[in-house]
Amino acid sequence: MFTEIRDITALNKEEVLALRIADNQLDFIESTQQCIAEAKADKRFIPVGLYKEDNAVGFAMYGVFPHKDNSRRVWLDRYFIDERYQHKGLGKYFLQQLIQYLVAKYSCQNIYLSVYDNNIVAIQLYKKFGFVFNGELDDKGEKVMVKEVHAHDYD
């Protein structure tokens, strides 16, 4: 299976904007349009398309943000698989790819994300990959999860 994490450019922006989540997931994540607009306004956000066999199948957005303790945190801020490609193992597959990608790019020891506590499917997925709740809430009231990573695990 040939897969890629691609930057969003003029060439693939329209196909990424066409990605959709299932109706029952709409309350859990912003649309790709909202995410790309946010990334345009705040350059710390980096949106990417997730590709399988040259087809856009998902979306993610990540970035590095300062924390109040003066540390810097690597966030997997948005992540979804298009509704047409869900239930095929791609959620697990690309989460693993994104973790490896972020570790390689930032040599980070922790990856953060946030999730609404009623997003049971996402929480189960994140827990399978070692993310745990750290007791914090983000500025939207989502619960923060963190995964401790060791760069040598992904060499």
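## Sheet and packed helices

Seven strands make up an open sheet of mixed pairing, ordered β1-β2-β3-β4-β5-β7-β6; strands are DSSP runs of E with at least two residues, helices runs of H or I with at least four, both numbered from the N terminus, and two strands pair if DSSP finds at least two bridges between them. Because β1 (3-7) and β6 (132-137) stand at the edges with a single partner strand each, one side of each has no neighbour in the sheet. From one strand to the next, the twist averages 30°.

The model is predicted: local features need pLDDT of at least 70, side-chain atom pairs count only at pLDDT 80 or more, and totals for chains, interfaces and linings use all residues. Residues are numbered from 1 along each chain as its sequence is written, and side-chain values use heavy atoms, without hydrogens and water.

Strands β3 (residues 55-66) and β4 (residues 72-81) run antiparallel and are joined by nine bridges; G63 has W75 of β4 as its bridge partner.

Angles, from 0 to 180 degrees, lie between N-to-C directions of lines fitted to C-alpha atoms, for helices over the stretch in contact.

| Helix | Strands touched | Angle |
|---|---|---|
| α3 (residues 90-106) | β1, β2, β3, β4, β5, β7 | about 155° with β4 |
| α4 (residues 120-128) | β4, β5, β6, β7 | about 165° with β5 |

Along the sequence, the elements follow the pattern β-α-α-β-β-β-α-β-α-β-β.

Of the 155 residues, 46% are buried, that is, under 20% relative accessible area with a 1.4 Å probe, protein chains only. The C-alpha atoms fill a box of roughly 40 × 35 × 30 Å along the principal axes.

Note on methods:
Contact means heavy atoms within 4.5 Å. Buried means under 20% relative accessible area, exposed over 50%, partly exposed in between (1.4 Å probe, protein chains only).
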